[in-house]
Amino acid sequence: MKAYMLVEKDKLELVDLPMRKPARNEMLLKVEACSICGSDLEGLHGIHPKVVMPVVMGHEMASTVVEVGADVKQFKPGDRVAGTGSVSCGRCANCLAGRRHECLSPLSPGFTGQGAYAEYFICTPHSVTLIPEGISFDEAAVAQPAGIANHAVTQRAKILAGELVLVQGCGPIGLSAMRHAKLAGAKVVSTDIVDYRCDYAVELGADVVLNAHRDDVRQAIMDLSGGKGADKVIECVGGAQDETIPQAVRCVKNGGLVTVVGSFAEDRATLPIINFKFSEKAIIGSQGMAPGYAAIFDLVLSGKMDLTALISHTISLDELPQGLAMMDTKSDNVMKVVVRP
Ligand SMILES: [Zn+2]
Ligand SMILES: [Zn+2]
């Protein structure tokens with residue numbers, strides 16, 4: 001089968017991988033759609049902390065079940081499923097304490113094992129969710145970043161109606177976080193430094209959209225809140241941590257909460273620690289999508305969230321390098337690129 005292998009830093013090779021039969025507790029899937037994640041760019045450039053090369057990347061996957069092992073009862077050939085294929089180890093302290101989503105050594109397809117930039121993919125049944133009728137493979141792939149935003153907004157930041165929320169970043173996760181916060185009844189200020197991404201935020205319903213390099217974000221937040229600051233800040237930028245983390249702390253109100261969602265390749269950010277301490281502010285992380293796919297599928301089916309609005313390009317597996325390059329340079333107003341192997 002055809003797959004795109006990251007053989008070393010900045011080197012992708014189209015390879016022919018041997019097919020194998022699924023084991024008793026595994027399923028063989030035909031990959032129908034896999035969207036490109038910002039973390040794939042970090043993987044490509046050799047700066048993602050979890051990517052082990054050589055590896056086939058791709059973790060935002062939607063597939064058709066081709067074959068199931070003898071012990072698999074939940075799914076049958078022909079079923080449509082979405083998931084990352086990630087499985088917890090079942091042996092570490094967190095797994096044994098029942099917190100499998102906080103597993104210390106998960107097998108993560110696309111990072112530490114074969115991912116979905118390939119024609120076929122093998123996974124265990126509990127690592128995927130059935131795609132309900134009425135949701136396309138493309139939407140199901142993009143439901144993964146939307147699920148990350150949902151987890152951050154509803155489980156970690158716990159956004160409430162009436163709150164003023166600053167969402168830093170208008171990429172797929174930032175835009176999804178903005179929409180989840182809007183659904184929760186918050187007033188949302190979205191920021192980015194790329195104009196077309198700001199335009200997306202305007203289109204998708206952010207209350208105020210600012211260019212973080214041209215506008216005075218803190219002043220705008222103070223004006224909107226009567227000098228108090230944002231109730232909460234959700235960081236969805238990653239990368240530019242020297243700018244975003246201090247800005248988040250300065251923009252949040254006394255006693256307010258900053259939730260960090262972005263993906264980072266290194267530890268570097270510093271806090272305005274005096275302000276942070278005296279004003280009793282809090283900063284927490286958000287990882288993964290514990291509430292799962294079902295919450296997102298429900299929102300799509302009830303017409304509350306349009307995931308196709310996040311998809312700017314669909315490409316073939318052969319075009320993966322061009323898709324990654326487009327995301328790298330943010331050319332052609334790229335938002336989410338879906339690969340259809
Ligand atoms: Zn991702
Ligand atoms: Zn574990």
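Two strands count as paired when DSSP finds at least two bridges between them. Keep that rule in hand as we walk through this predicted model, beginning with one pair of residues: valine 233 stands opposite valine 258 in strand β12.

The strands behind that pair are β11 (residues 230-235) and β12, which pair in the parallel sense over five bridges. Between them comes helix α7 (residues 241-251), and β11, α7 and β12 together make a right-handed β-α-β unit. Now follow β12 to another partner, strand β13 (residues 282-285): these two run parallel as well, joined by four bridges. Here valine 258 turns up again, standing opposite isoleucine 283 in β13. How much of β12 is covered? Strand β12 spans residues 252-260, and seven of its nine residues are buried.

Let's step back to the whole chain. The domain assignment gives domain 1, made of residues 2-144 and 295-340, and domain 2, covering residues 158-285. Taken over C-alpha atoms, the centres of domain 1 and domain 2 are separated by 28 Å. Where they meet, 14 residues of domain 1 are in contact with 12 residues of domain 2. Helix α1 (residues 38-44) supplies the largest share of the domain 1 side, namely three residues. By type, the residues on that side of domain 1 are six nonpolar, four polar and four charged.

Finally, visit alanine 161, in the loop between α3 and β8 (164-168). Is alanine 161 buried or exposed? Alanine 161 has 9 C-beta neighbours inside 10 Å, so this residue counts as exposed, the cut-off for that label being 12 or fewer. Setting aside neighbours within four places in sequence, alanine 161 is in contact with Ala184, Gly185 and Ala186. Of these, alanine 186 is 25 residues away from alanine 161 in sequence, while their C-alpha atoms are 4.9 Å apart in space.

Definitions and conventions
Residues numbered from 1 in each chain as written. Chains lettered and ligands numbered in written order. Predicted model: local features only at pLDDT ≥ 70, side-chain atom pairs only at ≥ 80, totals over all residues. Domains from an automatic or database assignment. Contact = placed C-beta atoms within 7 Å. Nonpolar A, V, L, I, M, F, W, Y, C, P; charged D, E, K, R; others polar. Buried ≥ 20, exposed ≤ 12 C-beta atoms within 10 Å, placed from the backbone. Right-handed = clockwise from strand over helix to strand, strands pointing away.
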